[in-house]
Amino acid sequence: MADMMTYPAETPAVHATEALRASGLGKTVPLPEGALCILADVSIVIDAGASVAIVGASGSGKSTLLSLLAGLDTPTTGDVTLHGASLSSLDEDGRARLRGERVGFVFQSFQLLPSLTALENVMLPLELRGDDDAEAPARDILQQVGLGERLRHYPRQLSGGEQQRVAVARAFVTRPALLFADEPTGNLDTHTGQAIIDLLFDLNARQGTTLVLVTHDEHLASRCGRTLRLDSGRLVPA
């Protein structure tokens, strides 16, 4: 990781076309004591190639917003458009297909399959997509993230930082147009977390992938080209 070049948080202006648009997003869940409003009237536009941080206190709605933007959850009100495709116009299969074609994810808990090796975990999204050759691209990106010697290791044989590198490789192997990361360094020590963040920005810059991440780390947020701040489910000035 030490010899990895440093890139700016934003990719060049050539990528500046609209990647994501959220219009009037709201999320309400029913509770015995009444409806709980998690998000209210959130509208944003994110350009392709941008790096955007979503920040806010615990319970402010950050992870819910990320799930709605990624099509993992459906809003109570409003709509999300990913590269011109309205999520509300798609059924679950359609949303899953769009995610497989356009979206990558990095989670705080890694979410690697314990029965698969590092290589097999990274090959999986390519296989699910029906690619003829999943192994060569998976090997290549694992090499890029510094795990070329750990291909045959299972998650239990890897450190936390190595597992997160596998998760990053898995997210980027499909060359997604959008990458969503939910507290990607939350379970890592400071040094390892910094290496993972450098890796995310490096791959973001080299592949032109739009990066949208949830974080409580203000220093990490400052590396992004733009910050969105939530307070009690509403966007407020950052």
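Hi everyone, let me start with a definition: two strands pair if DSSP finds at least two bridges between them. Strands (E, at least two residues) and helices (H or I, at least four) are DSSP runs, numbered from the N terminus. Residues are numbered from 1 along each chain as its sequence is written, and side-chain values use heavy atoms, with hydrogens and water left out.

A word on confidence before the tour. pLDDT is the predictor's confidence in each residue, from 0 to 100. The protein chain has a mean pLDDT of 87, with 93% of its residues at 70 or more. Where pLDDT is low, the predicted coordinates should not be read in detail. By contact I mean heavy atoms within 4.5 Å.

Now to the sheets. The four-stranded one is open, with antiparallel pairing and the order β2-β1-β4-β5. Which strands stand at its edges? They are β2 (34-47) and β5 (85-86); each has a single partner strand, so one side of each is left without a neighbour in the sheet. Helix α1 (residues 62-69) packs on this sheet and touches β1 (18-31), β2 and β4, its direction making about 125 degrees with that of β1. For such angles, axes are lines fitted to C-alpha atoms, for helices over the stretch in contact, and the angles run from 0 to 180 degrees between N-to-C directions.

Look at β1 and β2 for a moment. They run antiparallel, joined by 10 bridges, and a hairpin of two residues connects them. If you want a pair to find on screen, valine 29 has leucine 36 in β2 as its bridge partner. Over at β4 (residues 77-82), the antiparallel pairing with β5 takes two bridges, and leucine 82 has alanine 85 in β5 as its bridge partner.

The six-stranded sheet is also open; its order is β6-β7-β8-β3-β9-β10, and its pairing is mixed. Here β6 and β10 (234-236) are the edge strands, each with a single partner, so one side of each lacks a neighbour in the sheet. From one strand to the next, the twist averages 25 degrees. Helix α1 turns up again: it packs on this sheet, touching β3 (51-56), β7, β8 (210-214) and β9, at about 145 degrees to β3. β6 and β7 pair in the parallel sense over five bridges, with valine 106 partnered by alanine 181 in β7. Helix α5 lies across those two strands, at about 170 degrees to β6.

Within α1 sits threonine 64. Leaving aside residues up to four places away in sequence, threonine 64 touches Lys27, Ile38 and Leu39.

Next, helix α6. How does its span compare with what 18 residues should give? At 1.5 Å a residue, α6 (residues 190-207) should span 26 Å, and its end C-alpha atoms are 26 Å apart, which agrees; the expected span is 1.5 Å times one less than the number of residues. At the start of α6, a side-chain oxygen of aspartate 189 comes to within 3.1 Å of the backbone nitrogen of histidine 191. Just after the helix, glycine 208 has a positive phi of about 70 degrees. Buried residues in α6 include Ile196, Leu200 and Phe201, where buried means under 20% relative accessible area, exposed over 50% and partly exposed in between, with a 1.4 Å probe and protein chains only.

Phenylalanine 110, between β6 (103-107) and α3 (118-129), has a positive phi of about 70 degrees although it is not a glycine. Arginine 175, between α5 (160-172) and β7 (178-182), is not a glycine either, and its phi is positive at about 55 degrees. Buried or exposed? Phenylalanine 110 counts as buried at 10% relative accessibility, whereas arginine 175 counts as exposed at 55%.

Terms used. Predicted model: local features only at pLDDT ≥ 70, side-chain atom pairs only at ≥ 80, totals over all residues. Polar contact = N/O pair within 3.5 Å; in protein donor to acceptor, adjacent residues only side chain to side chain.
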